[in-house]
Amino acid sequence: MNLLLFVLKRFLRLLLTILIISTIIFFVIRVIPGDPALVVAGIDASDEEIQAIRAKLGTDAPVTVQYARWMRDLVRLDLGTSLTSGQSVKALIRQRFPLTFTLAVLGIILGVIIAIPLGVLSAVHRWSLWDYLGMVYSQAGMAIPSFWLGIILLLLFSVKFPIFPLFGSDSLKNLVLPAIALGFARAAVILRLTRASMVDELSKEYIITARAKGLTEKMINYKHALKNALIPVVTVTGIQFGYMLGGAIIIEQVFSLPGLGRLFLYAIYQRDFPLIQGGVVFIAVIFSLTNFIVDIFYSVLNPKIRIS
Amino acid sequence: MNRSNIRNWIFKFAVLFILLLGVTAIAAPLIAPYNPTDQEISNRFSAPDVHHVLGTDNFGRDLLSRIIFGSRSALIVGIVSTSIAVLIGMTIGLWAGLASKLTDNILMLLMDSLLSFPTILLAITVVSFFGYGLVQVMVAIGVIYSPVFARIVRAETLIIKTESYVEASRSLGTPVLKRVFIHIIPNLLAKVIVQSTITFALAIVIEASLSYLGLGTQPPTPSWGLMLKDAKDYLIQAPWMAVYPGLALAFSVFSFNIIGDTLSERLNPRVLK
């Protein structure tokens, strides 16, 4: 399969996934017992007020009409209007997303800086101190929940030794601890894969040939094996980036950062349905888009994947 | 001591820890030194001492007792949500594996769509729509992790159904359901068990995360996530509040992960490298 056809096929799948996700979200909201208008209006509202909110939410129309409207608006990239702030959901997301994105980028950079060198050293020097260190790190990374790590980091570096600020989001210094909390666990996943992939690569025949040719170990490890071993790592790193966007929700809460995650939580606490709906679709689309880009990138690095 | 010896010891530790956790959860009222919801306002933020081994919280409640009772929420969530995920995932996986190509494609597309959500986001969404609380959290986690089981079960079913003993059984006219229960399920159970251990650990973390956000277990029921939520507001006055519930959480997740990893290695020796 050539690259163009592969991209096209994946793109169609991406569209289909987005269609299914937005449909699921639409119906989940409608299937749940209870009228969102009643929740929004509160117990003291009059019938007229409830009716007005229904009209505002568009829930007075038949479900099929509502669904058609929802899809039409989505195509126009219109995610509706927030019930609590009166601003468009799109504008709110645009305000908050840069912070979350920066946090995820810092988290992934940190994760990669820790994971890849440690993963490679663990694989090259198996059963050495590096390997044990890698093993301990990967288990700790998977066992320590990011929000607890965030709290402990705050306790250590903002309360006990006030190196980083306890609150605020105006400088990059404010993002260091959240990025560590976010990147720590993700690094564990990348580390495990880097090690496994490198071990696998080092056991292949071309490495034996390279060794027989008299190449130095350094050359074999870092020029030949590492290049190939990193191919699957790129994919996983991309997927981890998507997970970080989701994980940011809780980390932003721990560090009181006004990102997309906090906006989304605020929407939930306030029962702001259009904002919840729009927020979920947005994050899911970004997540799927990341996976799509990773897939394409992977197929360029490893053309074999296009066949399967 | 070589690597495999160390791993063996860690595995034994993990099993012991989980057993201990189970006993603690069952016998919580007998073990806990205090009632986990009893408030002693005059004794707020008391540092760990002989009376309160792990200190007290912002309401003067004994932290150790709350951690002991909190193990109940963690284990209940783990057991119930993993069971829901296995049940839904296995049903869909078996169905997709045995049905026509079209049904298989539709089911798997649905499952993949669920997988295209970040887990925590999906959990928050489900809980926000169905209301806060432990039951909703368990259902949400169960639904979220079902696609992982569906994928595993489908893949295994596709292989097992072409085995000669299954083909033979089919030729003899054994009904589909009987074939599924006698030949297919027993042969894919090992992989499902491994995945269950890992899902168990993930479920505990998601429950704690949701409770931390105020969407899971509701106060005053003790839950590790909820305890950490309270702790964050009192980092200066009572740092111990942030340390111990987190340790309980991390050690439980660590133990389940180790058990999952070890089982997976023992069932698939190729992983051991």
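**Exercise 1. Contacts along chain B**

Determine what share of the contacts in chain B between residues at least 6 apart in sequence join residues at least 24 apart.

*Solution.* The model under study is a predicted one. Step 1: consider the contacts in chain B whose residues are at least 6 apart in sequence. Step 2: among these, 68% link residues at least 24 apart.

**Exercise 2. The make-up of chain B**

State how many helices and strands chain B has, and give its extent and its share of buried residues.

*Solution.* Step 1: chain B has ten helices and zero strands. Along the sequence, the pattern is therefore written α-α-α-α-α-α-α-α-α-α. Step 2: along the principal axes, the C-alpha atoms of chain B fill a box of roughly 75 × 50 × 30 Å. Step 3: of the 273 residues in chain B, 45% are buried.

**Exercise 3. Helix α7 of chain B**

Decide whether helix α7 (residues 164-171) of chain B lies largely in the open or is buried, and describe the backbone at B:Gly173.

*Solution.* Step 1: a residue is buried if 20 or more other C-beta atoms lie within 10 Å of its own. Step 2: helix α7(B) has eight residues, and the number buried is zero, so the helix lies largely in the open.

**Exercise 4. Helices α5 and α8 of chain B**

Classify the crossing of α5 (residues 119-130) and α8 (residues 176-212) of chain B, and name the residues in contact.

*Solution.* Step 1: the two axes come within 11 Å and cross at roughly 55°. Step 2: because of this angle, α5(B) is oblique to α8(B). Step 3: the crossing is right-handed. Step 4: α5(B) contributes B:Thr119, B:Ile120, B:Ala123, B:Ile124 and B:Val127 to the contact, while α8(B) contributes B:Ile206, B:Ser209 and B:Leu210. Step 5: by class, these are six nonpolar, two polar and no charged residues.

**Exercise 5. Helices α5 and α6 of chain A**

Carry out the corresponding analysis for α5 (residues 89-124) and α6 (residues 129-143) of chain A.

*Solution.* Step 1: the axes come within 8 Å and cross at roughly 130°. Step 2: this angle makes α5(A) oblique to α6(A). Step 3: the crossing of α5(A) and α6(A) is left-handed. Step 4: on α5(A), the contact involves A:Leu118, A:Gly119, A:Leu121 and A:Ser122; on α6(A), it involves A:Trp130, A:Asp131, A:Leu133, A:Gly134 and A:Tyr137. Step 5: sorted by class, the contact has five nonpolar residues, three polar and one charged.

Technical notes. Residues are numbered from 1 along each chain as its sequence is written. Chains are lettered from A and ligands numbered from 1 in the order in which they are written. This is a predicted model: local features need pLDDT of at least 70, side-chain atom pairs count only at pLDDT 80 or more; totals for chains, interfaces and linings use all residues. Axes are lines fitted to C-alpha atoms, for helices over the stretch in contact, and angles run from 0 to 180 degrees between N-to-C directions. Helices (H or I, at least four residues) and strands (E, at least two) are DSSP runs, numbered from the N terminus. Angles under 35 degrees count as roughly parallel, over 145 as roughly antiparallel, 65 to 115 as roughly perpendicular and the rest as oblique. A crossing is left-handed if the near helix is turned anticlockwise from the far one by less than a right angle, and right-handed if clockwise. Two residues are in contact if their C-beta atoms, placed from the backbone, lie within 7 Å. Ala, Val, Leu, Ile, Met, Phe, Trp, Tyr, Cys and Pro count as nonpolar, Asp, Glu, Lys and Arg as charged, and the others, Gly among them, as polar. A residue is buried if 20 or more other C-beta atoms lie within 10 Å of its own, exposed if 12 or fewer, and partly exposed in between; C-beta atoms are placed from the backbone.
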